[in-house]
Amino acid sequence: ISSAAITTYWKHRDHTWQINIIDTPGHVDFTAEVERSLRVLDSAIAIFDARSGVQPQSETVWQQANHYNIPRIAFINKMDRQGADFGRVVNEIRERLHANVLPVQWPIGAEDDFTGVIDLVTMKALLWNTPDGKTYETMNIPADLQNAALEARNYLLGELSLLDESILNKYTTDPESITADDIYNALRGAVIRLEAVPVLAGAAYKNKGIQPLLDAVVTYLPAPADIGQVKATDPVTDQTVMIDASETAPLAALAFKIITDDYVGKLTLVRVYAGVLRSGDTLWNSRTGRKARISRLMRIMSDKFDTVEEIGAGDIGAVIGLKDVKTGDTLSHPGHPVLLEKISFPEPMIGYAIEAKSAKDNDKLGDALARLLDEDPTLSVAVDNATGQTILKGMGELHLEVVLEKLAAQYHLEINKGKPQIAYKEIFTKAVTHHEVYKKQN
């Protein structure tokens, strides 16, 4: 229903990497959560169901990622479910999303027989034998899958040779000399240039395939430093300026989500693009033109928050103490004000007429709706001048049902809802002449 953020750490090749993950909903009614997450993230993992394949919402999200030029990898999940078909889903992604998908894994079995994957880069089989999937074994490729694995690897190398000159030189002269690092480097470059999408497989519920997926995140997807400079606008001259994504540059951050918490109050989730955000700092708000002071900074751990002293360039965190901030506001150094690209949201599609069941709750309803509007930019509330009804608009029926559920559960408000009334008006359209004899008995 709403996106959740978490900071985690993953050790790969003797180095521990920090990864900020935002998990977004899949339903099209909550597309705003996807939109704002893609706006502030450097890359994405597109998750597909091994049975259902590319669904309508997959296409919507893929187009949103194209709009923001987001490098991505694809993960085909639920390989242990009835009807799972890795090859079919890969072809669907290629045909329906027009993506250059390159499988870097090949599944070992499917449905109830799914036990692991073949790594096409190292040409080793990875098998998950424990019920929780927290550990896996690396072994040689089973004999019956050798031919399929070789064919898939040759396809990977053939496609990579079209995207990377060093791979092309080795592929045409001595294919055996291509090392795993050569493939990693070529594929990483192609992903960052938006020329390829690596595809992995697994069954997340049982943790099968998750470790190689996290390895793929740090191997193929860009770090904030790889993005280079960020485009912004000078609010005084309206000229485009380029910001260095480093901690030594003046601060530039984007507020991408507002959360109202019962204990800490209003939380503003921000992505820092340049500089360092510290507790006690004073920021300039692009929308209001005013300064605001930060009281506390938090690192987001899903539904928990850890207090930190600073958030550096490329990082995501939560700020407490910013009252007049909305989704999409740029927060920058008062001495170096800049405007970052805003987040665009679709217009609300459907509306309900709502009212509090009890007249004494009207003020309470107004306050609750104001909070919900802060949190969700795809909601709108308006009073119809003709009928006097309060109209709540959202992205779809499910979206509005969830909002009404929130009003009942969080704010203890009982609501009457119905269809908005249409106020029909009559108007003179033309002049006519009419004769009538007036007869009346008196």
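**Aromatic pairs and charges over rings**

In this predicted model, Trp-128 has a relative accessibility of 4% and therefore counts as buried. The cut-off for burial is under 20%.

A search of the whole structure returned four aromatic pairs. In one of them, Phe-86 and Trp-106, the ring centres are 5.3 Å apart and the planes meet at 80°, so the geometry is edge-to-face. Planes over 60 degrees apart fall in that class. This pair links distant parts of the chain. Phe-86 belongs to helix 3 (residues 86-96), whereas Trp-106 belongs to strand 6 (residues 105-108). The two residues are 20 residues apart. Phe-86 counts as buried because its relative accessibility is 4%. Trp-106 is at 27% and therefore counts as partly exposed.

Trp-128 pairs with Tyr-136. Here the centres are 5.1 Å apart and the planes are at 35°, a tilted arrangement. Trp-128, as noted, is buried at 4%. Tyr-136 has a relative accessibility of 31%, so this residue counts as partly exposed.

Arginines also lie over aromatic faces. Arg-72 sits over the face of Trp-62, at 4.6 Å from the ring centre. Arg-271 lies over the face of Tyr-273, and the distance to the ring centre is 4.5 Å.

Key
Residues numbered from 1 in each chain as written. Predicted model: local features only at pLDDT ≥ 70, side-chain atom pairs only at ≥ 80, totals over all residues. Heavy atoms only, no water. Phe/Tyr/Trp six-rings, centres within 6.5 Å; stacked < 30°, edge-to-face > 60°. Helix = DSSP H or I, 4+ residues; strand = E, 2+ residues; numbered from the N terminus. Buried < 20%, exposed > 50% of the residue type's maximum accessible area, 1.4 Å probe, protein only. Lys NZ or Arg CZ within 6 Å of the ring centre and 35° of its normal.
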